[in-house]
Amino acid sequence: MRKAVLPAVIIITSILLIVRIFYLQVIDENLKLQSENNAIKKVFDFPERGYIYDRNGKLLVANQPSYDIMVVPREIKDIDTTEFCNLLHITKEFFIKKIEKANVYSPILPSVFLSQLNKAEYAAFQEKERKFEGFYTQKRSLRDYQVKEGANIFGFITQVNEAILNKKKYYNSGDLIGKQGVEQQYEEILRGVKGVKYLLRDKHNKIIGPYKKGQFDTIAQQGKDLTLTIDHTLQKYGTELMINKRGGIVAIEPKTGEILALVSAPTFDPSLLVGRQRSKNYTALYNDSIAKPLYDRGLQATYPPGSPFKIVTGLIGLQEEVIDEQSTFYCNHGANFGRFMGCHCGLHTLQLNNGIYKSCNSYFGNTYKKTIEKYKNSYYSIDNWANHVKSFGLGQFLGTDMPIGSKGLVPNSNLYRKMYNGAKIRSSYIISNAIGQGEILTSPIQLANMMAAVANRGYYYTPHIVKSIKDQKLDKKFTTKHYTTIDKQYYEPIIQGLEDVYNFGTASGFRVEGLKICGKTGTAENKIRIAGKTFQLKDHSIFVAFAPRENPKIALAVFIENSGYGATWAGPIATLMIEKYINGKISRKDLETRMLTGSLQAEYQKIENIIFQRKVDATKVQDSLNKVKVEISEAKKEEEEN
């Protein structure tokens, strides 16, 4: 019996192997199509990417035809390289380098030899394409921008690199993929699905017809269109207001979380990243390490929030019941909290309302002090305060549908345990948090979202840039309310103070008749450290607001770098953006002219001069060190010779 088992096992195993091999080689056509089969040629049909529209149906991004020259190295047969190079205006060295690169990728699979031919180049090559065996043209589509604003929103498309090819099997060499902005975030929706035809070759490598009568061919599926939440008119206006300035503007519709404008300055024309000059232009933008046009200041930059943070300080004080509307604090050009905190409010006795519209540091310093000292355990108090702050979306990634962002910083007990070696924390140590200085860092979109939560009296929706996708629903997270830890009843006294900022306070100089705007000015201290030395620069100008007071339609944050007081630059720009969106026209032409023509380039030049001078100083120091080294070396050499 045992003697019969072994032969039976061998026979059964052999039969199974034969059946499997037969299945793989004869029956399973899909394996044939996926393999590098010389008898079958794949021809791809690339669909158009989806179009991009603004919230009002304005076309922002369309497509234009583009042609690449593809090469299959093994199929190259006795071509006249001189004629080929002259036709395409390339050198023989370039030709050799590209063929070598194509061989490394695959000698039998197509890869891009020359991308994005213009119409004249395509026509010239197509006329003589039959003479250059192993080369063919592949039609694709490039982006055709209908507007010059919004490069930071759109992103761009570029060829896939080796890392993407290894990670994502959908793509082949030469395929295009979205990078940055909505092009990256919604790549699979925008790109569609490429079609493929399988063609059969004979033993001479000539195409003789479709493989299996085309039963495995697929039709290209066009990418889906996107409608953005952006209002292009508002985006364009914000971009114009930010000319010759650096900073960001983020505007949100409070009742939906839809981003109405996302302005980053300086910016660039998105068409610079289309065509054969894309790589050169991108390199120039990338290497601008001072102005940083590729850096989205609205999403990525973090700054101390300054006085707008007093809104949260006041709300937490009310919720924790350490103050009420009638609570009074004294200000004598500031207050002493173990160290003196100065103030420019110009008043002596303040309650909540005038504490807000006069932006009194003493008032909110005392409020914060009471909040932190409410509980005996200082670390518990700090975490309790931090949890309130984070409920407004601060100190965390908001979860927007953009591929970039900054978390910011809301300090908690863990941070202060490290800073103070576990010792008890007194409120005086961290009193700067009260007025948005200290360790707190926020991005413009976080502050705009904070104001949306205030406008809604205690909740916000996750900010998002896409309003709708053709034949598809949006992610539920964009229609889910996020509630703050502050009860609804405490918002009205704060909102009254914010409206009075325009009536009696720091924004009274740019009121708009008939429009109830609630806002808060702010400045953020600004320092840079270069080569071990700290330089004090002009403060950043900040303004946050929403309008109208009832049924608010827009909430926004404006940051202008190195521009001084919030009422000087950020406030007027925020007011103009609000009036433009709500009224559709501008009544304060005086403000508009000043903001459109105003320039801060002189301030930015000071920074460049500092950086340049530090580099010069560093070079001089290095030269001196090198000189000393040479002198020491020569002295040693002379000593040895003697």
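Biologist: How many bridges pair β1 with strand β8, and in which sense?
Modeller: Six bridges pair β1 with strand β8 (residues 195-201), in the antiparallel sense. Strands count as paired if DSSP finds at least two bridges between them. Strands (E, at least two residues) and helices (H or I, at least four) are DSSP runs, numbered from the N terminus.

Biologist: Before we go on, what kind of model is this, and how are residues numbered?
Modeller: It is a predicted model, in which local features need pLDDT of at least 70 and side-chain atom pairs count only at pLDDT 80 or more, while totals for chains, interfaces and linings use all residues. Residues are numbered from 1 along each chain as its sequence is written, and side-chain values use heavy atoms, with hydrogens and water left out.

Biologist: How many bridges link β8 and β9, and what is the partner of arginine 201?
Modeller: β8 and β9 pair antiparallel over three bridges. Arginine 201 has isoleucine 207 in β9 as its bridge partner.

Biologist: Changing topic: is β22 mostly covered or uncovered?
Modeller: Strand β22 (residues 554-560) is mostly covered, with seven of its seven residues buried. Buried means under 20% relative accessible area, exposed means over 50%, and partly exposed lies in between (1.4 Å probe, protein chains only). Ile554, Leu556, Val558 and Ile560 point one way from β22, whereas Ala555, Ala557 and Phe559 point the other way, and all are buried.

Biologist: Which strands join β22, and over how many bridges?
Modeller: Strand β11 (residues 247-253) is joined to β22 by six bridges and runs antiparallel to it; there, valine 250 has alanine 557 as its bridge partner. Strand β21 (residues 533-547) pairs with β22 over seven bridges, also in the antiparallel sense, with phenylalanine 546 opposite alanine 555.

Biologist: And which residue takes a positive phi in the hairpin of β21 and β22?
Modeller: Asparagine 551 does, with phi near 50°; the hairpin has six residues between the strands.

Biologist: Helices now. At what angle do α12 and α17 cross?
Modeller: The axes of α12 (residues 310-319) and α17 (residues 444-455) cross at roughly 40° and come within 11 Å. That makes α12 oblique to α17. Helix axes are fitted over the stretch in contact, and angles run from 0 to 180 degrees between N-to-C directions. Under 35 degrees counts as roughly parallel, over 145 as roughly antiparallel, 65 to 115 as roughly perpendicular, and the rest as oblique.

Biologist: Which residues meet there?
Modeller: Ile311, Val312 and Leu315 in α12 meet Met450, Met451 and Val454 in α17, contact being heavy atoms within 4.5 Å. These residues divide into six nonpolar, no polar and no charged. Ala, Val, Leu, Ile, Met, Phe, Trp, Tyr, Cys and Pro count as nonpolar, Asp, Glu, Lys and Arg as charged, and the others, Gly among them, as polar.

Biologist: What about α14 and α15?
Modeller: The axes of α14 (residues 361-372) and α15 (residues 378-390) come within 8 Å and cross at roughly 120°, and the two helices are therefore oblique to each other. Tyr368, Thr371 and Ile372 in α14 meet Ser381, Ile382 and Trp385 in α15. That contact divides into four nonpolar, two polar and no charged residues.

Biologist: Last topic: is serine 432 buried or exposed, and where is it?
Modeller: Serine 432 is buried, at a relative accessible area of 18%, in the loop between α16 (413-419) and α17. Apart from neighbours within four places in sequence, serine 432 contacts Arg339, Met341, Gln437 and Gly438.

Biologist: And where is serine 508?
Modeller: Serine 508 is in the loop between α18 (491-503) and β20 (518-530). Serine 508 counts as partly exposed, at 35% relative accessibility.
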